[in-house]
Amino acid sequence: MAWEYYLVVMLVYLGTDLLAVWGLNLEFGVAGIANLAYIVVVAAGAYAYAVVTLGPSSNLGGFQTYIGGFTLPFPLPLLVGAAAGAVVGTLIGLTGLKRLRQDYQGVAMLVVSLTVVTIVSADTGLFNGTAGLALIPNPFANLDPETARWTYVALVAVCCLIGFVVLRRFTTGPMGRTLRAMRDDDVAASASGKDIVRLRLVVQAVGGAFGGLSGALLAGFIGGWSPSAWAYIETLAFLSCIIVGGRGSDRGVSLGTLIIAVLLLQGVQFLPQIASVPGLSEDFGWIILGTATIAFIWFRPQGVLKERRPRYHAESSSKLPG
Amino acid sequence: MQLIIEAIGFGIATGAVIALGAVGFSVQFGISNILNITYGALMTLSAYIGLILINRGVNAWAALALSAVAVGVVSVIYHRILLAPLVRRGTRAIAMIIVTVSAGTILQYVIVAIAGPSSQSYGEQSGQTFHFADLTLSFGQVAIIVLTAVLMFALHLLLTRTTLGKAMRATSSNRTLARSCGIATSRISDIAWFISGCLCGAAGVALAITTVSFDFSLGALFLIPMIAAAVLGGIGQPYGAMLGGLIIGVSSEVAAAVSNPNYKDVVAFVILIIVLLVRPRGLFGAAWSSRRLMEG
Amino acid sequence: MALAATAPILEVDRLEKHYGGVRAVDGISFTVTRGAITGLIGPNGAGKSTALAMIGGFVQPSGGRVRFDGVDITGMPMHSRARLGLVRTFQMARVFASLTTLENLLVAAPHQRGERASGVLGGRRLWRGQETELIDQAQAMLQTFSMGPKANDLAGTLSGGQKRAIEIMRALMMQPKLLLLDEPMAGLSPSLSRHLEDVLLDLAEGGLSLLLVEHELETVDKLCGNVVVMAQGKVLSEGRMSELRLSREVQDAYVIG
């Protein structure tokens, strides 16, 4: 039943993509932080998950070297992954505190992303260098394969549910309003009494936690993680979902993630096969992503579902809209 | 010590190519206030166009010139039909970065789709080598150093001795003022993008010549050191970019020689990050130019 | 720890700012009286905007001190000054363009439970009550500025005069003790300027202190009690507008610039 397996993979990827996109949307769409190094927090979560579930290297034949090497019981490794994302996210946030023009900020973040992946690839002692980590244990390995797969889907769904509830706490209400004010004009926000530095770091910690959880779930599902999974260009994929869907809108970017996922998966199947170049569908995927991003910035920068602000009515000021 | 001298020599050769690319990048920023990340993929395009020409028997230097001009033309068109209209509409700086990164990605993977992912090579240009004291450089390396020096000098003459060059400098410095002085800033921009596009193309072929082999990631790999050089020298300042290129080239090679060669690229990355965070205007950027870099 | 009602609300003490070799502000000292409108005038390049930026916390001084309501705020970041009650507006009115008019006001309200960690994670129940009160407060303010109908419009779509009004209202939502106004009449039509003048006079009458940087000397004459004149980075003179008009020094400064 290949389609069943295919469906499981799709759902897990969709769920983990949603978590990451929600996190980046909080940072970039809502709070206006140009964190183009976001993929690093996803990687942080994945590696953290790996090194707290793999156990000591010698147990597996000693063919990969890495730091850590614990075996924490489920679901602790997921929490560790989220925490790693939060910590790394905050560290990245510290580099962005100087008030640089946004495009400079963006380039600096891309370079940070590239630097980290270069160092991790080169230093084999950290996370086994370019080869990455393999044999990451699946938490449901004791179940039969099909049940294990669907249990994982359920796990991802639960994480998304909890994640979404937490997300809404930050993107709506007074906090959501203040973050958007900071996005629109951080000087005016500061002049209105908002501590911009503190807000930015908090947002990058929370956004980082979402990314870290996403990475941890992926690592547990795939069973491996290597530098090829987090090239600095990967952040662009998440940005695509945000720009296409609707920057700053949780519904919008969720829809955007769905659209991009469908577009990538379906689109590449309908494209003609050129020669027999392996990996071609992945290349076309990037071509599609890039084109969709530019098309939306050109034709509809607010995205499919644009951000909506609450409307208040004088008579019913005691009733707050959603 | 021998190692260091060799590293410095290699560094000058690499630095020359980085300088070549950095100057083009810097000119584009100076004229249009855009950090054109597509620059990397355009260099890759140039390298592949050069490859096609060389494989058809075209002389290497003619191939370089033709590829450079081709990329120059592509650059002007790219700026005219995509970048300039977006800027005119008030597209914000971060969105422009996303656009140029996306365009670069599209171009890079179109190249992969057409030319395949495997490594390419221009092959040996000439077995001749040059010896300077303890240092041996290949023909290609020396040729590129000479070429870069010639092009930089030509650019210098253009900028300082011609009306066009002065118009470019004026437009770079203060576009509105330049326009009110009667300068056709739109046309000057086109010309500047063509010239810098040619430099981009030349850098792409130069990279292909000086590396043993290359693939579709060529431009992407060298773009960041070039941006580092441009920013280090003072973004928008062509002369700063030239010096920056040399500094980045030499320091990268020396660092690789004395410590872990895997970290060679990291030197350029770290320099860029530090410059942006500590002194965004670089070595030679005027204090006022930092207003282009700071928000608010 | 507010001082006696007669103590100045703001004391500027030998404030300086150098940029490279240029002394934009070269040691200025003056005080702002509590409950009154003080003017800060001077020709272009006198350093008024830099002085205001230093008082507001937007720019770090090279030397000197600023005391607000008895507290030395010289090193304090902008947001802390704002929370103490020192609120500034900007030469070009800055609004939060993607938020509605009403939301622009709500943002500025201090001590919002919904912004603290406990409030955010705890959920709507914890801040709903306070939010309702703030909405009522903001809507009332919109009414007094005749902008009730615009409550749900995105601030970015409004005219210059309306944006200026939003800025002032937002400042007022912060329960300020001192308002720093940087050329508030700039870009406003004469009738709107007159209206804003009346608003400022009312606010001062209500006990609010104001420091007004203005070019329009007529406005300064009408609104301000004490006026400080700056030229070339220094305080040239101080006094009532009527006296200053007659002063030779001040006239020369405006001609020479």
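In which sense do strand β4 and β5 of chain C pair, and over how many bridges? Strand β4 (residues 63-68) and β5 of chain C pair in the antiparallel sense, over 2 bridges; two strands count as paired if DSSP finds at least two bridges between them. Helices (H or I, at least four residues) and strands (E, at least two) are DSSP runs, numbered from the N terminus.

Before we go on, a word about the model. It is predicted, so local features need pLDDT of at least 70 and side-chain atom pairs count only at pLDDT 80 or more, while totals for chains, interfaces and linings use all residues. Residues are numbered from 1 along each chain as its sequence is written, and chains are lettered from A and ligands numbered from 1 in the order in which they are written.

Let's stay with the sheet. In β5(C), Asp72(C) is the bridge partner of Arg67(C). The open sheet has 4 strands, in the order β2-β1-β4-β5 (chain C), with antiparallel pairing. Its edge strands, β2 (22-32) and β5 (71-72) of chain C, each pair on one side only. In general, strands of a sheet pair through backbone hydrogen bonds, either parallel or antiparallel. Helix α1 (residues 48-56) of chain C lies across β1 (10-19), β2 and β4 of chain C, and runs at about 115 degrees to β1(C); angles run from 0 to 180 degrees between N-to-C directions, with axes as lines fitted to C-alpha atoms, for helices over the stretch in contact.

Now step back to see chain C as a whole. Its secondary structure comes to 10 helices and 10 strands. Along its principal axes, the C-alpha trace of chain C spans about 60 × 40 × 40 Å.

Finally, look at where chain A meets chain B. The contact takes 38 residues from chain A and 41 residues from chain B; two residues are in contact if their C-beta atoms, placed from the backbone, lie within 7 Å. On the side of chain A that touches chain B, α4 (102-122), α10 (234-245) and α12 (280-299) of chain A each supply at least two residues. Helix α4(A) gives the most to that side, with 13 residues.
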